Amino acid sequence: MSPLRQVMLIAQRDFLQRIRSRAFLVSMLLIVGVVVIAGPLLAAESAVPKPYKIGTTGTVQDGFNDAVTASAKAFDRTVGVSSYASTAEGEAALEKGDINVLLVDGEQLVWNQDPNYQLTSIVTSAVQGLDRAKTIASLGLSQEEAARLLAPAPLASRSLTAPDPSQTPKQIASYVGSLLLYISILMFGQFVMLGVMEEKQSRVVEVVLSRTRPRQLLAGKVIGIGALGIIQLVIIGGAGLFTLSRANVVNVDLAGIGARVALTVVVWYLLGYALFAVLYAALGATVSRQEDAQGVGFIPVVVILPGFFLGIAALENPNAILPHLGSIIPPFSPFVMPTRMTVTHVPVWEVALSVVLILLATYLVLRVGARIYQGSILRIGAKVKLRDALKAGSRD
Amino acid sequence: MLELSGLRKQYGNVTALDGVSFDVRPGRVVGFLGPNGAGKTTAMRCVFGLVRPDAGEVRWNGSPVGPQEHLRFGYMPEERGLYSKMKIREQLVYFGRLSGMDPSAASSSADRWLSRLGLADRALSKLEDLSHGNQQRVQLAVSLVHGPELAVLDEPFAGLDPIGVEDMAATLRELADSGAGIVFSSHQLDLVQDVCQDVVIIDRGRVVLAGDLTDLRDRSDYRHLEVRVDGQPWAPSMNGIETVGDDGQRYLIQKDADVEEVLHRARQSGAVTSFSFEPPNLSDLFRQAVRR
């Protein structure tokens with residue numbers, strides 16, 4: 001019996017026991033249901049922006065309605081205009097939320113609270129355009145001269161490096177990758193921790209460890225629950241893509257991401273999950289009660305959050321000192337390195353170093369976790385002090 | 001053959017094992033006895049590497065025990081526990097495979113155990129849906145499903161009803177007859193006397209008595225004396241006689257005591273209705289060995 005076969009058997013058991021459980025089935029149906037049903041509703045809500053409602057009172061320039069509609073079109077927006085007999089009436093409508101802005105005498109914008117800058121631009125350019133047309137007319141210019149004055153030649157533009165049309169989908173891919181990693185670690189890491197804890201609590205662990213070593217047990221659990229997590233992500237992700245494509249809201253340019261970026265994201269996802277799952281397993285070994293589990297469960301979060309934010313920073317400044325270091329040093333690297341690799345050129349040696357370091361870290365945490373496990377299995381109830389567990393568990 | 005050799009284990013300033021050595025030979029059932037806290041569980045855990053001794057060694061057929069050897073052993077821990085939400089047949093197959101059986105061998109062994117324990121119709125039940133006694137049976141089956149060459153059972157009789165005790169005893173005897181070595185701990189001394197051939201008595205981390213039970217009884221310096229005169233317990237007033245048990249009916253007497261003389265005195269006091277002069281039983285040996 002090779003140790004690897006034992007690991008796979010343990011992984012298989014954890015995977016099958018969970019995937020066949022009613023709890024798993026029900027939660028997956030719920031999530032998929034929500035994504036498929038609620039997704040389009042939410043998307044419809046946000047897909048087509050609501051028209052801006054503009055109120056006018058006092059003097060209004062001729063042609064204001066057409067002008068403001070045209071200038072809104074430049075922002076891909078629509079507007080509705082209604083007029084009020086007095087400023088007071090208009091302000092009342094503003095307070096009630098009937099209109100977004102009130103234009104008084106064609107020269108003052110009144111807001112309920114914070115000004116909306118897009119709407120300010122839309123109304124301002126309409127009013128200014130009308131003013132300019134009036135001035136031009138008073139100067140007695142011909143139709144053609146007026147048109148030339150109002151439509152100046154646009155500026156030409158060129159780039160030193162050809163823009164990469166796939167840059168945005170790539171950035172999104174790496175961002176989504178680290179977001180998924182973040183969520184998976186929190187979810188499945190907890191599962192691993194609870195799984196380890198349950199085995200301790202039900203005392204089955206002594207039966208298992210009479211046949212295999214703690215290291216194999218922990219590795220098997222991490223792999224089994226990880227496989228379950230990936231299936232879960234694929235199902236949820238599939239439902240999400242299905243919803244998006246059907247609602248036709250976002251044009252998901254999968255081809256634009258490219259195989260290399262996709263592979264980078266997936267590989268780093270796996271590396272990151274492995275490290276943190278092993279960490280959760282080690283922490284699970286120190287506790288045997290739910291209350292204590294919550295206490296230690298937040299420890300990885302303390303490390304995940306900086307990694308996640310470094311990853312976002314790397315999107316903007318991939319070569320700044322912190323993202324640069326973070327992309328090499330575990331446990332931050334799984335969040336930062338795929339992002340850097342996507343948005344900038346990272347030397348091969350840096351990638352290699354980073355991979356070696358994270359694998360090393362995972363192995364070390366596994367060893368230490370196994371040792372804690374060994375030392376703490378025979379103590380049930382009280383939270384085991386880390387130092388005591390390490391001392392007691394000197395076998396592994 | 002399993003050899004425990006000079007095992008020592010210290011927990012803080014508590015000495016759990018203080019140089020424990022004994023053997024478990026193939027085909028023999030070894031009763032492992034001792035007061036609470038004597039070190040029985042710690043010694044058993046050492047066999048599986050669950051506890052690493054500070055000194056000493058556990059050997060199997062002459063070489064140190066490692067992960068590969070553990071697969072040939074079966075272990076029933078004192079604190080019972082299996083996967084409560086897993087179906088029992090699946091559970092047996094899983095543990096069989098974890099010990100290195102291939103899937104078909106594990107399946108057929110699981111089925112054999114289920115029908116033998118009368119649980120064939122519960123094969124698809126979850127462990128948690130079984131009665132306490134049946135859960136115990138499954139626990140035993142899990143420790144033996146892979147046909148181990150050595151079974152280490154920590155308090156296998158604890159919590160069993162009389163029928164369960166009979167089943168367990170029969171299973172252990174059969175297993176030994178098939179050539180496996182068995183060591184089990186227990187507090188029920190009458191039971192141990194019936195089931196085992198060898199005993200090891202441990203006290204405060206030291207082996208205080210070990211060997212073939214019949215031998216030990218014969219070699220004892222004492223004899224167990226039980227006399228009833230006119231239906232009442234009777235004791236001779238002689239030197240070196242000691243009351244055992246709290247019913248005041250049984251005595252230990254020197255091996256070389258003059259039996260004729262005892263019987264003669266008994267007859268003088270009335271009609272002797274029963275008289276026995278036998279090697280001491282296990283309870284007597286135990287009491288003497290762990291005398292405080």
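Analyst: Happy to! Let's start with one pair of residues: Tyr11(B) has Val14(B), in strand 2 of chain B, as its bridge partner. Before going on, please note that this is a predicted model, where local features need pLDDT of at least 70, side-chain atom pairs count only at pLDDT 80 or more, and totals for chains, interfaces and linings use all residues. Residues are numbered from 1 along each chain as its sequence is written, while chains are lettered from A and ligands numbered from 1 in the order in which they are written.

Now for the strands themselves, which are DSSP runs of E with at least two residues, numbered from the N terminus. Strand 1 of chain B covers residues 2-11, and eight bridges join it to strand 2 of chain B, the two running antiparallel. Two strands count as paired if DSSP finds at least two bridges between them. In general, strands of a sheet pair through backbone hydrogen bonds, either parallel or antiparallel.

Stepping back, the open sheet in chain B is formed by four strands in the order 2-1-4-5, with antiparallel pairing. Strand 2 (14-24) and strand 5 (63-64) of chain B stand at its edges. Each of these two has a single partner strand, so one side of each is left without a neighbour in the sheet.

For some context, chain A has 17 helices and four strands; helices here are DSSP runs of H or I with at least four residues. One of these, helix 2 of chain A, spans residues 22-47 and holds Phe24(A).
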